[in-house]
Structure formats: structure tokens, C-alpha cells
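Here are some notes to read alongside the structure, written for someone meeting it for the first time. Please keep the viewer open and look up each residue as you go.

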Amino acid sequence: MDREYLCPSKTATTCFVKLDVIIESPLRIFNIELEIKDINDNAPHFRRDRVELDVSESATPGERFSLPNAVDPDGGINTVKMYKLSESEHFTIEIQTGSDGTKYVDMVLTKALDREEHAVHHLILTAVDGGVPARSDMNDNYPDITVKSYKSTVNENIPVGTVIAIVGISDRDTGDNGKVSLSINQNLPFVLNKSSDVLYELKVSEPLDRERVPEYDITLVVTDGGTPPLSDNETITLHLLDVNDNGPLFPQSFYTIPVIENNAPGALLSSLTAFDPDLHENQYLVYFIIEKEIVNTSMSMLFSINPENGNLYALKTFDYEIEKEFLFHIEARDSGVPPLSSNVTVHIIIVDQNDNTPVITAVKAYSDMTEVPLEYDIFSDLNLYLVIGLGSVSFFAPPSRNSVISERNSTIADSTLVSNDAYWYSLFLAETRKGKLVVRQPVPKAGSRYIVSSLPRSTGLTETSDSAASTLQAVHNLILTAEDGGVPARSGTASIVVRVLDTNDNAPKFDKDNYKIDIMENSPIGSLVVKLNATDLDEGTNSEILYSYSLYTSEKTQQTFHLNPNNGEITVKEMVNYEDFRIYDMEVIATDKGSNSLTVKEDIAVDTVIAVVSVSDKDSVPLEYDIFSDLNLYLVIGLGSVSFLLLITILVTCVLKCQKPIPSKAAPPSRNSVISERNSTIVDSTLVSNDAYWYSLFLAETRKGKLVVRQPVPKAGSRYIVSSLPRSTGLTETSDSAASTLQAVHNLILTAVDGGVPTRSGTASITVRVLDTNDNAPKFDKDNYKIDIMENSPIGSLVVKLNATDLDEGTNSEILYSYSLYTSEKTQQTFHLNPNNGEITVKEMINYEDFRIYDMEVIATDKGPNSLTGQCKLTILVTDMNDNHPEISIKSFQSPVKEVIAVDTVIAVVSVSDKDSGDNGIVDIRIADKLPFALRESSDNYYELVVSQPLDREKVPEYEITFTVKDRGSPPLSDNETMTLELLDVNDNVPHRSTLFPLWR
């Protein structure tokens, strides 16, 4: 039998079971009362395992705090007898006994608190009954952890499975409270191996690397099986000793170092520094030049390297004309045992300097420019009509790719060499920019001429205008300067005079396109309405203007307003009446007095020859590699094939000069000819002369995905066609060159095609390799990330995987991720960022109640020699989880009370709270429906317990009132608190007699 089940009321001091016993023969009925004695078979327990109290540090000693009572189903001396509080210098307990013998416990502050010294106090309250033996629910002993043996320093190459430490654990409690377990609360390359019930071995589980992690803080956590469980921890530090397991590393595997010729001996060329992640002597590096002989000269006689810091010096002065480049290796070796080393290739390129001056040796003047009809072939009659100046220029050295020829108020620049054997280069006739006349024209190697073409007239020079205008400047006095590209530049000059004659090529233009004029009705006749003004940029009669109405102007308007044809004044001609006409529309035409005949041409054809100058240059700067060397054979064949035709052509031309020119239906090739193939464009330039069929091939920048090649095409003879040109991937309209990240190798086929019938051709392969430089910064997929994460997410769970890309190649595209300085220390402690793959994981427990928003900035850095960075911002929003039970606190409570207490009297004041937010933090409170009490909300989260019905002690002497609180989370959490209300007797009943009747049959 269970006394607590048969007699659940705590107020009953005795427990009787009433029985009726019937005996037959004779029949008798006996009333038997069986008393059940209590034994101490139940331990006291608290309805709540954990109580949290918020105490201000300004609380004064002596202040009391109510604690929940323990409940023991047993009765009498076996019920709760006393309470014990764990040791504390700030708190103690006082026990009070109610009228029914119930023990109430209060916690009393004995010493002032200081939050800065101790912010949280963990105490254990134990309830003990009076039975024999006494029972309690106390897990009052923390488990112990003892490090039996321990190696604090080990080599980084220690084998996997080696024992680092032996750890013992124990707990003085018994039962589940005394069962303990040991764990490591971090993701470390170690594992615990249980060797006995109380001993564990700490072993290495993964290879260690000091360069990645130099030391480990290993926290061992021991936990018992009590409720609530108690735990303790011990931290040991393991230091790793360095081993020479890393060789020196150079930032680059290949160095290209330009050196300007005529350098000073001993000049610093570059600093080639390697890095060794080892420590001490294992990272001390020494640098050497690996010996190599060039023309019986050792590298150590040309260059020197500092063995300590890797600075590379030149030991002599280099001359580009003698030595153009050097290729050798440098080795870096550490001082470990055994020593490790690595080497790097160094390419020294000698850069040419300009030390020769171009000289113009002769200048010859010709007649002034005369008119050339547009319908004529401007190239066939070039020598007879348009030459106004001829100069021959020579240089002390052959002309080179870097040569630049300019005129003081103009800019004349050369282009790339056709080949090493052909020093042809070009001077182009271009537009006028910022008041400067730019002349472009192909120039042969030597013994030939510059050709300055005639200039098309324009009506006004702007930054985008194409030529000089006669209305701005009728005579151009030019100084043609042959200038090389050296620093400082060297030059020679020749004078050129260009007279530009006006033609009627500019239409009159009004100040405005539309006029809107207000005029008062009944204005006097002859009064001025408006004075129109049109201007003409031409000169003389070509600029004189007449004004007239157009056919679109109504007769009524012309009758009402008079237009002066000479000065553009519009006056009132007859009375203006608002009621008749309110709006007059008119159109006025301005006409100049010029004639349409073209007698003296200003708009002479572009590229008409007006001057010729010859140039040569001693300096020569070849390309980095010769892409045209295979063309020599084809050029020689082409020149030979056209030599005979050239002689016949000259004879035929002389005969035709004496005859009247007959217009040809098919125009010969001209400067404007365009030859294109597939995705390339080949544009020819002006012929050098009628008897020189040398021409140039220029490889220019890629535009709109096409490789542009400029090429002069003669009237008869050979021409070049670029065929099989692979298109670059990903080129946009704004790209200026091919990027190595889009296409690293361009394989081109150059085809030389002659002008015969049938045509014949020859080909040469061109391979262009584009080397990568670190010119692209890493870029994240997004600039801003917004991420939601649930609180209490498991440690190690993935939050987000960032991805940054770098368009470069090799180490220039390898990316490391890191937090910026703008990321708080708390955020870095909460989230771990993997530097290699950009994964952000949970590092420690996330609590919505502590922090709700985490802001961070992540930087992506490439591994290039001049590292570039990109960044993105992340906002991590913590989503609340219903992980906090609602709490109830009894602020005041009256017990006992008289049974005649008035209805609506407040018995108790309680408050409810929940640390969660949203629906998880909304708390509802209720009591049992059958009780004569009701809950009334007094303010936010405060409720009053009031009497709702009259009480009667004779019916119910006491009430167990259970408050139940439940939040609105999913799933909802709840808690309860029970208090006992005792009723005091009032003399509200009169005595009455009871009648006893004997029992018989």
C-alpha cells in the first residue's frame, strides 16, 4: 500500500482506511478503521530545478529573497525538515515554520555585491527531510580532473597516435551523480582514448604543422550524470618545435628585369627575396648566382647578389648594341639540417637609349598648290599637280619602331616595323586636335620622301574637327620636324607653307532655330517686331546674306508683317487685331550670295600630296620578338615579280600622260581601300610614290573583338591578307587589348597574296603569347550579404560560403579570406572564417537574447606579388528560438487569511516573464477553473489573484493554488508554481446535536 496515494492530503496527520466486516451466523457487521503508518520512501524535490534571481549590486545586506519550497509527499517527521545552501560569502538562508509545520525558506544577503568582481553566483539549495535515513536531491560535488602526465613541447613531425597526456577523473557523489565522462570541446587534431574507468589517454589524431598552428590550447571537460549535471575543465598548452620541413619560396618563378643601357656600375637592379616559414636557423637564407658563361664571360663578372637580402646589382655598364639580354638562375638556400633550397629564373632585358640626332639634309621647294578636279584619280596625277614641297631627310642610324616624327603644331608618329630587314614606317595624316595639325603619311626607309597631303577645308576647328578651315586660318606656315623618341628628344626641321582658298561650303545659320515673339495688338505700323540674325562662316560674297519668306508662310502673314531682305528686320506692315488673328506662323530663309561653281577649291581631296620629305634614323629598337622574320622570302619574291611590271608601267604611264584622261569605270585601289577577312580588318594607307611599291603591315589593338591590321595596298602588285585569325573570347567594345585571362595564346597565320591572275600566296605562322600580370582584384559574387541563422545553431554548422573570383591566373588568382579591422572581436569569436575556401561557420553558441545582429566585413586577397583585394559586407540576423521557459514570480502573498475574507480581495500579486521575443516571449497565465479565485491583469506581465467566491473553512480548510504559465512559441513551453492558502476559522457556525442509533438486527 502507498500511504501517499491513499491519503493525498498533506494536512492529514493520520491515514485511516475504513472497512466493513460482515460475520455470518449470527450475522454481524463491524466497522473497522485501518491506520497506515508513513515511512520515509520519498525524497524532497523542487518543482523547478533552476531558479534565476536578478539582484542589484546596490542591494543592502539583510535584504531577503523568497525561494521556492520543496515538496515531500511523505508526512509527519518524514516531510521536509531543513534546507541547506552551498557555501557562499554573500548569501545565507533562513527557515520559517508555518502553522501546519511547513518549512519556508528565504535567502538573505549577508555581504554587499560587486558585479565587476563577480557577475553571476551559482548556488545549490538542498532540501532534507526528517526521516531515517534522511533523503535529499543534492548533487553537491563537482567532478575532479587530474593531469597525471603531460608533454608540453613536442616536435611538429610527431607521429600520429603518440600519447601527449594521461588524465584521471573522479566524483565524490554516488549513483548517477558520481558517473563522470571526459571530452574535448574543440575541433582539434587530438583524441581521447579511455584506458580505464577513470583514466584517459590524450593522443595525436592528425599530422601537426607548426607553420599553420604553432601551439594548441586543449581544454578537457569532465561532466557528471547528476540533475542538473556539474562539470569542470582543465586547459593544457602544447607547444610545437620547428623542424626544417619547408624550403625557401620565391613570390615568382620567373623575374623579368628591364635595365636601361649606359647604367652606372654597382646599380641596384632588383631585390629577389624568398620566404621560408620555418624558424631560427631553418629560415635563415643565403642567396647565390648559379654560374653560367656567355661568350666566355661568367655571370658573376656581370652581376652580383647580396647573400643576405637578395639584392641584385650590375657590375658593369651595359650597351644595348652589344648585349641585349641575359638569362640566368638564382638559388636561395636555408641553414637547416639538411639544408633545403629553391631557385628562380631571372631575365635581364637591356633597354635602348636614344643618343643619335636626326638631321634633315636637303629641302627643295615647289610651286603653290593648284586646283584638282574631284573626278580625277588623285593618285595618278599626284606628281603633276599637288606637290608643293619635297625634302629628303636622313639619319645616322637606321629608323626604328620607337622613332617619332612631329611638326611643332602637329604630331607625326611612326608605327611598328614590318620586319627586321625592312625599316619602313609610316607617318599618318589625321584630324586637327586642339588647334594642332596632325599629319599621317607612310615614310620609306631612306632615299625617299615624306608626303604632306592636301587639307580638306572645314568651317571651324574644334577638338574633334578633321582639318584646318580657311575661315579660321587662310595660310598655314608649318615647320616639319623629324623627331625621334628618345629622352630628351632630338629633331630636325623643314618649312612648309599651305594656302587654303575659300569656297562656298558653309550655309547661313540663324542664332536660333525657333523664335516665339509677343506683340501688342494695334501696334503702330512700322514698329519693330524682331531683328533676325544669320551668320555665314565663309568669306566675301559667300558670306553676304539675303532674307526672304518661305513658301510655307501664309499670304495673310506676309501682308501683316514686312521682312527687310538685307538686315532681317521684321516690322508691322498693317494693323494687328487680336480679334481677327491671335497667332502668326512664318518661316524665314537666309540665302548667301555665293555661286555654286568651284573655281578655286578649298575642299581639295584629302591626302592630295603637297610636300615630300625623306627620313632615316641611326637608332634601332627591335620588338621583343620578331614576328615577321619569315616574310623576307615572300617579300623578295614579291619585289622581284613586280620589278618587270614596274618598268612597263612607267613607260605606259608616260604615254598616257600625253593623252586626255579617260575616266575608268573601275577605280584603282586608293587610300580608302579596305581588305578584310573573317574577324580582322586590314586598312591600306597612301602610296609612297608611283614607282615605290614598298608597303607596311601594322598589328594594332583589338577593337570590338576584331584584330585591326593597317596595310598599304599598291595599285598593282602584291598585298597582304590576314587569314585564319582566331577571335578572342570575351572582348568587349571597350577592351583595348587581349587579356591573358581571356586568351593566353593567339595563333595567327599571315598570308602574302600577289596581284596576279590567278593570285598566288605564301603564309607564315605568328604565335603571340600573352603573359599574365596581377591586374585584376578579387571580386565577390555580391557586395552585400544578408543571412538569417537560428539561435543555438550547432557549433561548426555552415552559415554561408563566400566566393570571390580573380580573372588572373596562377598564384595571382589564388585567394585568401580574412576579416577586416571593422569586424568586431565578438563577431570573430562567434563565427569562424576559413581563410582558404571562404566558409563561415559557427564557432561558439549563438544566443538571440545576447546579440541579435552581427555585422562583418570580409576581405579577399590574392597571392600575387603586389596583392590586390576585394571586400564584401555581411549582416547576420539571429532568429529567435523558443529556448527559454516562461518564469513566474510571486511578488506578494497573504497566507493564512480569514474564511470570511471579502470577495474581490487581492490575495497575491504575481509577475510573468520570458526572455524570448515575439510569440515566443508572450506569456499566458491561468489557474484551475474550479477554485474560488480569479486572475486579474493589473499591468504588463503583472497579475492579481483575487477572491471570486465566498470561502468556507469548514468545507475546504486550505487551497493548493497552482499558477501555470505558457508561452506562445512552437512548441510552447510552460512552468508552474504552487502556493498554499490556509483559511483561519471564524465562529460562523452554531453547535448542533448528533443522534446515535445502535446497530442490531
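1. Let us begin with Ile795, which sits in the loop between β51 (784–790) and β52 (798–801). Please keep in mind throughout that this is a predicted model. Is Ile795 buried or exposed? Its relative accessible area is 55%, and the cut-off for exposed is over 50%, so Ile795 counts as exposed.

2. Which residues does Ile795 touch once its neighbours within four places in sequence are set aside? The contacts are Val842, Lys843, Glu844 and Met845. For Met845 there is also a distance to look up: from C-alpha to C-alpha, Ile795 and Met845 are 6.6 Å apart in space, while 50 residues separate them in sequence.

3. Buried means under 20% relative accessible area, and Thr553 has 5%, so Thr553 is buried. Not counting residues up to four places away in sequence, Thr553 touches Gln558, Asp585, Met586 and Glu587.

4. One joins Ser895 and Pro896, with omega at about 0 degrees. Pro896 is in the loop between β59 (887–893) and β60 (897–898). Another cis peptide bond joins Ser970 and Pro971, and here omega is about -5 degrees. You will find Pro971 in the loop between β65 (958–967) and β66 (974–984).

5. Next come some backbone angles. His280 is a residue other than glycine with a positive phi, near 55 degrees. His280 lies in the loop between β19 (268–271) and β20 (285–290), and its relative accessibility of 61% makes it exposed.

6. What is the value of phi at Asp904? It is near 80 degrees, again a positive value in a residue other than glycine. Asp904 is placed in the loop between β60 and β61 (906–913). With a relative accessible area of 44%, Asp904 is partly exposed.

7. How many salt bridges does a search of the whole structure find? The count is 21. Glu89 is exposed, at 55% relative accessibility, whereas Lys111 is partly exposed, at 39%.

8. Another salt bridge is formed by Glu116 and Arg115, with 3.4 Å between the closest N and O atoms. Glu116 has a relative accessible area of 54% and is exposed. Arg115, at 49%, is partly exposed.

9. Please also look at Glu954 and Arg953, where the side chains meet in a salt bridge of 3.4 Å, N to O. Glu954 is partly exposed at 35% relative accessibility, and Arg953 is partly exposed at 26%.

10. Where is the disulfide? The structure holds one, and it joins Cys7 to Cys15, with an S to S distance of 1.9 Å. A disulfide is a covalent bond between the sulfur atoms of two cysteines. The link of Cys7 and Cys15 is right-handed, with 75 degrees about the S-S bond. Are these two cysteines buried or exposed? Both Cys7 and Cys15 are buried.

11. Cys654 has a relative accessible area of 47%, so it is partly exposed. Cys872 has a relative accessibility of 1%, so it counts as buried.

Definitions and conventions:
Residues are numbered from 1 along each chain as its sequence is written. This is a predicted model: local features need pLDDT of at least 70, side-chain atom pairs count only at pLDDT 80 or more; totals for chains, interfaces and linings use all residues. Side-chain values use heavy atoms; hydrogens and water are left out. Buried means under 20% relative accessible area, exposed over 50%, partly exposed in between (1.4 Å probe, protein chains only). Contact means heavy atoms within 4.5 Å. Helices (H or I, at least four residues) and strands (E, at least two) are DSSP runs, numbered from the N terminus. A salt bridge is a side-chain nitrogen of Lys or Arg within 4 Å of a carboxyl oxygen of Asp or Glu. A disulfide is a pair of cysteine sulfur atoms within 2.5 Å.
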